[in-house]
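Visitor: I am new to protein structures and would like to learn how to read one. Could you walk me through some features, giving the general idea and then the case at hand?

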Amino acid sequence: MKKSILKADLLGFYEDEIEGVMDLPLPIKELLTKVNRKVCNFNREIGFIVIHYVGAVSSAYNNAIYFENVNLERSAHYFVDAKEIYRVVKDNDIAWHCGSKTGYKHEFCRNNNSIGVEMCCYKKANGELDVSPAVENRTIHLVKALMNFYKIPIQGVVRHFDVANKLCPAPFITDNNRWVTFKKRL
Ligand SMILES: [Zn+2]
């Protein structure tokens with residue numbers, strides 16, 4: 001059998017490689033999209049992790065199903081909810097989560113050198129969307145694992161807002177302290 005030329009990723013090895021699957025600190029399920037990504041046949045440079053929020057009430061699984069077959073021209077690698085994490089795009093493939101047609105705020109971070117992590121939302125009593133402490137904690141756990149695995153420094157963890165001028169993840173922009181605290185915990 002031909003050996004894959006691609007390196008290991010967070011969830012283990014590619015294709016025919018079966019040894020060396022990592023013990024992750026939290027279980028990650030996989031339901032890969034067939035369309036909303038660009039497959040990379042080379043080891044891409046991963047220097048950034050971009051944090052998003054879904055912007056609607058939904059579960060990680062619902063999002064995985066939503067992105068699976070229909071070409072929406074957007075995606076992310078991971079969706080985190082309070083109970084589960086789903087990976088929708090393999091780490092080495094390019095997800096479409098922070099591209100901008102109107103220009104970038106960040107000098108270097110783009111879809112082709114980043115991993116996109118989406119936090120699922122719930123609706124507060126006042127109708128605003130928010131990210132629960134459970135989702136935030138699990139996201140921190142996941143981001144730490146990704147930083148560790150891909151040797152991404154703390155400056156490499158950015159909000160969608162820092163890359164392109166999108167109000168995402170909104171609760172971490174309207175309350176900048178929340179973002180500062182999030183980063184301190186990484
Ligand atoms: Zn976003």
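This is a predicted model: local features need pLDDT of at least 70, side-chain atom pairs count only at pLDDT 80 or more; totals for chains, interfaces and linings use all residues.

Visitor: In which sense do β2 and strand β7 pair, and over how many bridges?

Guide: Start with the rule: two strands pair if DSSP finds at least two bridges between them. Here β2 and β7 (residues 157-159) pair in the parallel sense, over three bridges. Residues are numbered from 1 along each chain as its sequence is written.

Visitor: With which strand does β2 pair over seven bridges?

Guide: That is β5 (residues 114-123), again in the parallel sense. Here you can find Val57 bridged to Cys121 of β5.

Visitor: How are helices and strands picked out, and how many of each does the protein chain have?

Guide: They are DSSP runs, numbered from the N terminus: helices are H or I runs of at least four residues, and strands are E runs of at least two. The protein chain has five helices and seven strands. Along the sequence, their pattern reads β-β-α-β-β-β-β-α-β-α-α-α.

Visitor: Why is β2 described as largely enclosed?

Guide: First, the cut-offs: a residue is buried if 20 or more other C-beta atoms lie within 10 Å of its own, exposed if 12 or fewer, and partly exposed in between, with C-beta atoms placed from the backbone. Strand β2 (residues 48-57) has seven of its 10 residues buried, so the rest of the structure largely encloses it. For the whole protein chain of 186 residues, 35% count as buried.

Visitor: Which residues touch the most other members of the largest nonpolar core?

Guide: The general idea is that in soluble globular proteins, nonpolar side chains tend to be buried together. A nonpolar core is a set of buried Ala, Val, Leu, Ile, Met, Phe, Trp, Tyr and Cys residues joined through C-beta atoms within 7 Å. The largest one here has 39 residues, and Ile49, Val50, Phe79, Val80, Val117 and Cys120 touch the most other members. At least two residues of this core come from each of β2, α1, β3, β4 (85-87), β5, α2, β7 and α3. The largest share, six residues, is supplied by β2.

Visitor: What is Val80 in contact with, beyond its neighbours in sequence?

Guide: A contact means that the C-beta atoms of two residues, placed from the backbone, lie within 7 Å. Leaving aside neighbours within four places in sequence, the contacts of Val80 include Ala60, Ile85, Val117 and Leu142. For the chain as a whole, take contacts between residues at least 6 apart in sequence: 68% of them join residues at least 24 apart.

Visitor: Where on helix α1 do the buried residues lie?

Guide: An α-helix has 3.6 residues a turn, so residues three or four places apart point the same way. In α1, the buried residues are Ala60, Asn63, Ala64 and Phe67. Seen down the helix axis, they fall within an arc of 100° (taken from the directions from the axis to the C-beta atoms), so they line one face of α1. Their cover includes β2, β3, β4 and β5.

Visitor: What does Asn63 touch?

Guide: Asn63 counts as buried because 23 other C-beta atoms are within 10 Å. Not counting residues up to four places away in sequence, Asn63 touches Val54, Ser58, Phe79, Tyr86 and Glu118. Asn63 and Tyr86 are 23 residues apart in sequence, and 8.5 Å apart in space from C-alpha to C-alpha.

Visitor: Where is Lys151, and is it buried or exposed?

Guide: Look in the loop between α2 (133-150) and β7. Lys151 counts as exposed because it has 9 C-beta neighbours inside 10 Å. Its phi is positive, about 55°, although Lys151 is not a glycine.

Visitor: Which residues does a cis peptide bond join?

Guide: Cys168 and Pro169, with omega about -5°. You will find Pro169 in the loop between α3 (160-163) and α4 (171-174).
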